[in-house]
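Visitor: I would like to learn how to read a structure like this one. Could you take me through it feature by feature?

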Amino acid sequence: MGGKENRAWSIRTGLNAWEAAGSIHSDIQKGFIRAEVISFADFLEAGGETQAKRAGKQRLETKQYIVQDYDLLNFRFNK
C-alpha cells in the first residue's frame with residue numbers, strides 16, 4: 001500500500017465492516033459511510049493498490065459486508 005501512513009489491524013473472524021471500523025477507532029465506526037475494499041489476491045495480481053483500482057478491483061461495501069482474510073480496507077467516514 002502506498003501513502004504516508006499505513007497500518008494493519010487484526011480483527012476477529014466474522015466481523016462486518018462497521019465492527020471492523022470500530023476495532024480501529026470508535027469515531028470511525030460512529031461516522032461510517034462505506035468501506036473501500038480490495039481483496040489481497042486482487043492486490044497481488046494487479047501489482048499494487050493503484051493498479052488494482054485502475055483494473056476495477058476496488059469496490060464499495062456497506063456496513064453489513066463481512067470482512068474476509070487479508071482484505072485491504074479504506075473506511076469512508078464522516079467526522
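Visitor: Is Lys 53 buried, partly exposed or exposed, and why?

Guide: This is a predicted model, so keep that in mind throughout. Lys 53 has 39% relative accessibility, so it counts as partly exposed.

Visitor: Which residue forms a salt bridge with Lys 53?

Guide: Start with the general idea. Side chains of opposite charge can pair when their charged atoms come close. Here the partner of Lys 53 is Glu 49, with the closest N and O atoms 3.3 Å apart. Both residues lie in helix H4, which spans residues 49-54. They are four residues apart, about one turn of the helix.

Visitor: How many salt bridges does a search of the whole structure find?

Guide: The search finds three. One of them joins the side chains of Glu 36 and Arg 76, at 2.8 Å from N to O. That pair links distant parts of the chain. Glu 36 sits in strand E1 and Arg 76 in strand E3, 40 residues apart.

Visitor: Which side chain meets Glu 61 in a salt bridge?

Guide: Arg 59 does, at 2.8 Å from N to O. Arg 59 has 30% relative accessibility, so it is partly exposed.

Visitor: Now the surface. Which residues form a nonpolar patch there?

Guide: Phe 40, Leu 44 and Tyr 70 form it. Together they have about 360 Å² of accessible area. Take Tyr 70 as the example. Tyr 70 is found in the loop between strand E2 (59-61) and strand E3 (72-77). Exposed means over 50%, and Tyr 70 has 64% relative accessibility, so it counts as exposed.

Visitor: How many helices and strands does the protein chain have?

Guide: Four helices and three strands. Read along the sequence, the pattern is α-α-β-α-α-β-β. The radius of gyration is 12 Å, close to the 12 Å that the globule rule gives for 79 residues, so the chain is as compact as a globular protein of that length.

Visitor: What box do the C-alpha atoms fill?

Guide: Roughly 30 × 25 × 20 Å, taken along the principal axes.

Visitor: What share of the contacts joins residues at least 24 apart?

Guide: Count contacts between residues at least 6 apart in sequence. Of these, 66% join residues at least 24 apart.

Visitor: And what about burial and surface for the whole chain?

Guide: Buried residues make up 32% of the 79 residues. The accessible surface comes to about 5,700 Å². Carbon and sulfur atoms account for 46% of that surface.

Key. Residues are numbered from 1 along each chain as its sequence is written. This is a predicted model: local features need pLDDT of at least 70, side-chain atom pairs count only at pLDDT 80 or more; totals for chains, interfaces and linings use all residues. Side-chain values use heavy atoms; hydrogens and water are left out. Patches are made of residues with over 30% relative accessible area and no salt bridge: like charges are joined within 9 Å, nonpolar side chains (Val, Leu, Ile, Met, Phe, Trp, Tyr) within 5 Å. Accessible areas come from the Shrake-Rupley method with a 1.4 Å probe; for residues, only the protein chains shown count as cover. A salt bridge is a side-chain nitrogen of Lys or Arg within 4 Å of a carboxyl oxygen of Asp or Glu. Helices (H or I, at least four residues) and strands (E, at least two) are DSSP runs, numbered from the N terminus. Buried means under 20% relative accessible area, exposed over 50%, partly exposed in between (1.4 Å probe, protein chains only). The radius of gyration is taken over C-alpha atoms; the globule rule is 2.2 Å times the number of residues to the power 0.38. Contact means heavy atoms within 4.5 Å.
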